[in-house]
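Here are my notes on the model you sent over.

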Amino acid sequence: PSKLEKSLIASFWDGVFASCMVGFTTDYITPYALALKATIRQIGVLSALPNLAASLIQLKTADLTEKLKSRKKIINIFIFLHALAGIPIILLPRLFKQELRVSFLILFVTLFISLGAFTLPAWSSLMSEHIPYKSRGKFFGWRNWILGIVTVICSLHFLDLVHRYATRVIALKDGLKMFEGTAEEINRAKFKEIYGEEAQEVRAASYEAAASGEAKAASPDATP
């Protein structure tokens, strides 16, 4: 494959792992906050503040890029910091007292989201140089369609994993807490009671098959 094709393939896999990160982490921030006994007001702040901060911080990306004279440095540095910012989120219950946990969760999630968003202008600028103007719509349409599937797969309900690793479960529907209890109490009957008969439960084997299919889509022959 040419240098351009290699860049597009790398961009695809970058998106796959970013989508997995969203599916496995960001979509579970609210349940995590509820598990930490967050109030309705705190949930509202947690939903709004990180996105607001992420939008505002991108205004400074261009200034820092000019100082460092490298978009790749911006991307590498801030994605590394973005990953590090997830560590205190995981360790919150061990680092802080109960009454401080939600406040620090809001702080660290805001930092986590903002550091990731800081790279977006530099990444978009870099990608625009690799993809011809007339091909951008086709490529990003295909890429976003695949990555949307990956995100949904990663954020769906894995009862097998819940029963294997979880000790406490919170189930949400339409932003409301529908269930809270032990892993043993959330069986397939309870799952359908919460999410409806049409709800789909993803099993580990199904996920592996879907992931295999996504890997084939990333082959050089499949790249637009």
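1. A word on naming before we start: a helix here is a DSSP run (H or I) of at least four residues, and helices are numbered from the N terminus. Keep in mind, too, that this is a predicted model.

2. With that numbering, have a look at the loop between helix 4 (61-68) and helix 5, where you'll find K69. Its phi is positive, about 55°, although K69 is not a glycine. Most residues other than glycine have a negative phi. Is K69 buried or exposed? K69 is exposed, with a relative accessible area of 72%.

3. Now for some helix packing. Two packed helices are described by the angle between their axes and the distance between the axes. For helix 5 (residues 71-84) and helix 8 (residues 120-130), the angle is about 135° and the axes are 9 Å apart. Angles over 145 degrees would count as roughly antiparallel and 65 to 115 as roughly perpendicular, so helix 5 and helix 8 are oblique to each other. Their crossing is left-handed.

4. Which residues make that contact? From helix 5 come R71, K72, I74 and I75, and they meet A122, W123, S125, L126 and E129 of helix 8. Sorted by type, the residues in this contact are 5 nonpolar, 1 polar and 3 charged.

5. On to the inside. The largest nonpolar core has 24 residues, and the members that touch the most others are A33, L46, I89, L105 and V109. Two or more residues each come from helix 2 (29-35), helix 3 (40-57), helix 5, helix 6 (86-95), helix 7 (98-117) and helix 8. Helix 7 is the top contributor to this core, with 7 residues.

6. Setting aside neighbours within four places in sequence, what does I89 touch? I89 is in contact with Y32, L105, F108, V109 and F112.

How values were computed. Residues are numbered from 1 along each chain as its sequence is written. This is a predicted model: local features need pLDDT of at least 70, side-chain atom pairs count only at pLDDT 80 or more; totals for chains, interfaces and linings use all residues. Side-chain values use heavy atoms; hydrogens and water are left out. Axes are lines fitted to C-alpha atoms, for helices over the stretch in contact, and angles run from 0 to 180 degrees between N-to-C directions. Angles under 35 degrees count as roughly parallel, over 145 as roughly antiparallel, 65 to 115 as roughly perpendicular and the rest as oblique. A crossing is left-handed if the near helix is turned anticlockwise from the far one by less than a right angle, and right-handed if clockwise. Contact means heavy atoms within 4.5 Å. Ala, Val, Leu, Ile, Met, Phe, Trp, Tyr, Cys and Pro count as nonpolar, Asp, Glu, Lys and Arg as charged, and the others, Gly among them, as polar. A nonpolar core is a set of buried Ala, Val, Leu, Ile, Met, Phe, Trp, Tyr and Cys residues joined through side-chain atoms within 4.5 Å. Buried means under 20% relative accessible area, exposed over 50%, partly exposed in between (1.4 Å probe, protein chains only).
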